[in-house]
Amino acid sequence: MITLSILLQAAASMAVAKMGAAFGAGLAAIGAGIGIGKIGGSALESIARQPEASGDIRSNMIVAAALIEGAAFFAIIICLLAIVL
Amino acid sequence: MKNIHRFLLIFFFIASAVPAFASDEHDQHAHHDTHKKEKFEPGNFIMDHIADAYDWHILSYKDKHISVPLPVIVISEQSGFHMFMSSKFHHGHDAYKGFYIAQEGEFRGKVVEKINGHEVRPFDISMTKNVVALLISMIILLWVFISVAKAYTKRKGQAPKGMQSLMEPLILFVRDEIAKPAIGEKKYEKYMPFLLTIFFFIWLNNLMGLVPLIPGGANVTGNITITMVLALFTFIITTVNGNKNYWVHIFNTPGVPWWLKFPVPLMPLVELMGVFTKPFVLMVRLFANITAGHMIVLAFVSLIFIFGQISPMLGYGTSVISVLFVIFMDMLELLVALIQAYVFTLLSALYFGMATEEHH
């Protein structure tokens, strides 16, 4: 009974929403970090294998990083909406 | 109220890439001069800088405010068409002919009027800060590119000179690295004007949003309606130019087993959702990147004042680290300005290429 009333209070005061939003933002940052880390790693490897192609590899790496950041920012915006709305 | 304005503008200057230690001490000093200690609200501070406004605030010095009032054009259900300068609001304090700027609630910061006791938004086509910034960047773009185009006709066959030589590598970059690989040698020319326009428009507006002095400092590409219009253009051009191959790929994707298309058309539904989500993601990506960058800079600056409220020495110490971080973030934002313009243009070109691809 006490737990239920605590839960109801937390849900009504938007505390749960804020905590959920903070968690979501953290997870989005982890996801972006892992994704861009993998891209950076494989880009460095391929530059090491073929230094002449480093210009091409660099532009492809930046494009892929921007796309992944787009997805991460999506999650951040939803988290912000969860706090504000 | 006036103290907050003073603080806002001094933060505005600190948030630029110039280390402003002198003005830092000035505003701490001013903080002590006032006898009312107004609580610093970081949330409102950040949102006020990112959102649109009815006047262009330039400077606040002690008790003098310098801001450029902009026209407010509203059409009310009750009283019809009104056009007046936003100076009539006296920085949000007074009402004028029934219109006033709501200080809180869902219409915070926007012009509202009270009809039957409810706060209601009239049809608002004011020239706000973003509209004026758009017009200024439009004038800059037109001026630069019309002069480059005239230079090409006047100096036919000669080496490029001046603004031409600055723009030529950029234009060739868009043509050779973005348009030709994505759309193909035969069809890319039709889309070049649009691709060039969005590339330079997004890049210029991103850069202008980073400069805190007028005419920069308006968060244009961080306004979701502006990015929505850009993505809408991409969507319309893709849909209108989609050839038979494109629509077959969406509704009858080759290589997919028949039971995914009939009786329950799963694959066509997924592909159709893709048609709408791709421009939507374009819009959100640009908006989120630019707004997030501005928010981070503003958050670092607000950190100074949050700590400054605890103790002035803590504020001084935080300001050193904060300003260094702000400089670093601003450098990163310069890079992001170019990358976001590049990615928007590249993805638009890819969508055009997919829409006009021939069967192979």
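Two strands are taken to pair if DSSP finds at least two bridges between them, and helices (H or I, at least four residues) and strands (E, at least two) are DSSP runs numbered from the N terminus. On these terms, strand 3 (residues 71-76) and strand 8 of chain B pair in the antiparallel sense over two bridges. The model is a predicted one, in which local features need pLDDT of at least 70 and side-chain atom pairs count only at pLDDT 80 or more, whereas totals for chains, interfaces and linings use all residues. Residues are numbered from 1 along each chain as its sequence is written, while chains are lettered from A and ligands numbered from 1 in the order in which they are written.

The secondary structure of chain B comprises ten helices and eight strands, and its C-alpha atoms fill a box of roughly 75 × 60 × 40 Å along the principal axes. Of the 360 residues in chain B, 30% are buried, a residue being classed as buried if 20 or more other C-beta atoms lie within 10 Å of its own, as exposed if 12 or fewer do, and as partly exposed in between, with C-beta atoms placed from the backbone. Where contacts (C-beta atoms, placed from the backbone, within 7 Å) are concerned, 63% of those in chain B between residues at least 6 apart in sequence join residues at least 24 apart.

The domain assignment, whose bounds come from an automatic or database source, divides chain B into domain 1 (2-68), domain 2 (71-124) and domain 3 (129-355). Five residues of domain 1 and seven residues of domain 2 of chain B take part in the contact between these two domains. On the domain 1 side of chain B, the residues touching domain 2 are two nonpolar, two polar and one charged, where Ala, Val, Leu, Ile, Met, Phe, Trp, Tyr, Cys and Pro count as nonpolar, Asp, Glu, Lys and Arg as charged, and the others, Gly among them, as polar.

Strand 3 and strand 4 of chain B run antiparallel and are joined by six bridges, and a hairpin connects them through three residues; B:P71 has B:M85 in strand 4 as its bridge partner. Towards strand 8 of chain B, B:I75 is bridged to B:F123 and B:V74 stands opposite B:D124.

In chain A, the UniProt annotation "transmembrane region", from an unreviewed entry, covers residues 27-48 and 60-84; UniProt positions are given in the numbering used here, feature names are shortened, and annotations may be inferred rather than shown by experiment. Residues 27-48 of chain A are 100% helix and 0% strand, with end C-alpha atoms 31 Å apart, and residues 60-84 of chain A are likewise 100% helix and 0% strand, with a separation of 36 Å between the end C-alpha atoms.

The contact between the chains takes nine residues from chain B and nine residues from chain A. Helix 9 (266-310) and helix 10 (312-355) of chain B each supply at least two residues of the chain B side, and helix 9 gives the most, with six residues. By class, the residues of chain B that touch chain A are seven nonpolar, one polar and one charged.

Neighbours within four places in sequence aside, B:I202 is in contact with B:T221, B:L286, B:Q340, B:A341 and B:F344.

Two loop positions of chain B may also be described. B:N223, in the loop between helix 6 and helix 7 of chain B, counts as buried because it has 24 C-beta neighbours inside 10 Å. Residues up to four places away in sequence not being counted, B:N223 touches B:D52 and B:N130, and its C-alpha atom is separated by 6.5 Å from that of B:F287, 64 residues apart along the chain. B:P263 lies in the loop between helix 8 (244-251) and helix 9 of chain B, and the peptide bond from B:F262 to B:P263 is cis, with omega near 0°.
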